[in-house]
Amino acid sequence: MTVTCIAVLVFIVLGLLFADGSAASGQPAKGCLRVHPANPRYFADAAGRAVYLTGFHTWMSLQDWGGSDPPEPFDYGAYLDMLQEHNVNFIRLWRWEMPRFQYSGWSDYYCAPHPWERRGPGEALDGKPKFDLTRFDGAYFERLRGRVAEAAKRGIYVSVMLFEGHCMQFAEQGWQSHPFLAENNVNDMNAYAVAAGRALGLYTLETPEVTALQEAYVRKVIDTVNDLDNVLYEVSNEAGPYSTQWQYHMIRFIRDCEASKPRQHPVGMTFQFEGG
């Protein structure tokens, strides 16, 4: 199967259900998930048992965000406690790409940390040091690994969201803070291709230099969590139909990167908004 559709990304409280109808919670994840051979709507664990993924969603599962700058830290441990209490087994680690954004009717929201170092020289449009897109922020990837590993101890599977497409389309004053805007990085990198007032070219293959930087970031994510069993990869949340070929490219890229590594994890697309 070229594209594994993560068709079981649902968020209702049913718990971890095996093929015999029994439930389990709190047991460490063992073995990467695979598409169930008899019913592709389900995954199977290392023992071949069907696994139904379900959990509670929050936007702050990976990065902190809120109305203050810096945003208040999210209590990830309490979040996992709540998941265990309700016997659920799945979360999305949500990736926000913009340090500052605003939806219509909202006040400004701030988000941190991000994958690249903010070291300058020079200031970005938000008044903070510019991003260096060739230097990864170790704290971001330490947090990513730590949160996936802690979820694994509790038997919780994690969809690692690599990109976030809804904010780019619909948030006001969002693109202006994006690391890939030339004014915000020291690398003279600009992915500013506008359609309907939004910078949607970021999720196409039209600029090879942008794609190369995205691939380097995805490879860093894979290197960070590949040895953990409880990982699934989600290319992007709600990028529109314009992103299809770019998402297919990223799926193939992830598969190629993991082919020579100890573990191979499910990777796929979730719903494209609008019109997917």
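A pocket, as the word is used here, is an open set of grid points where a 1.4 Å probe fits, with protein on both sides within 12 Å along at least five of seven lines, and its lining residues have an atom within 4 Å of a point. The exercises below concern a predicted model.

**Exercise 1. Describe the second largest pocket by its volume, its lining and the strands that supply the lining.**

Solution. Next, turn to the lining, which consists of 15 residues, with Cys111, Ala112, His114, Arg118 and Lys128 lying nearest the centre of the pocket. Sorted by class, the lining holds eight nonpolar residues, one polar residue and six charged residues. Finally, look for the strands involved: β9 (109-112) and β10 (116-123) each give at least two residues to the lining, and the largest share, three residues, comes from β9.

**Exercise 2. Identify what Asp137 touches beyond its neighbours within four places in sequence.**

Solution. First place the residue: Asp137 is in the loop between β11 (129-136) and α2. Once the neighbours within four places in sequence are set aside, Asp137 is in contact with His114, Pro115, Trp116 and Glu117. As a further step, consider Arg119, which is 18 residues away from Asp137 along the chain, while the C-alpha atoms of the two are separated by 10.0 Å.

**Exercise 3. Work out how helix α4 is placed against α5, and how α2 is placed against α4.**

Solution. Start with α4 (residues 208-225) and α5 (residues 244-259), whose axes are 10 Å apart and which pack at an angle of about 45 degrees; the two helices are therefore oblique to each other. The crossing in which α4 passes α5 is right-handed. On the α4 side the contact is made by Thr211, Gln214, Glu215, Val218, Arg219 and Ile222, and on the α5 side by Trp246, His249, Met250, Phe253, Ile254, Cys257 and Glu258. These contact residues divide into seven nonpolar, three polar and three charged.

Now proceed to α2 (residues 138-153), whose axis comes within 9 Å of that of α4 and crosses it at roughly 45 degrees, which makes α2 oblique to α4. This crossing of α2 and α4 is right-handed. From α2, the residues Tyr140, Phe141, Leu144, Arg145 and Val148 meet Tyr217, Lys220, Val221, Thr224 and Val225 of α4. In the contact of α2 with α4, the classes are represented by seven nonpolar residues, one polar residue and two charged residues.

Terms used. Residues numbered from 1 in each chain as written. Predicted model: local features only at pLDDT ≥ 70, side-chain atom pairs only at ≥ 80, totals over all residues. Heavy atoms only, no water. Axes fitted to C-alpha atoms, helices over the stretch in contact; angles between N-to-C directions. Helix = DSSP H or I, 4+ residues; strand = E, 2+ residues; numbered from the N terminus. Parallel < 35°, antiparallel > 145°, perpendicular 65-115°, else oblique. Left-handed = near helix turned anticlockwise from the far one by under 90°. Contact = heavy atoms within 4.5 Å. Nonpolar A, V, L, I, M, F, W, Y, C, P; charged D, E, K, R; others polar. 1 Å grid on protein atoms, 1.4 Å probe; cavity = no way out; pocket = protein on both sides within 12 Å on 5 of 7 lines; lining within 4 Å. Points joined across faces, edges and corners; volume = space filled by probe spheres on them.
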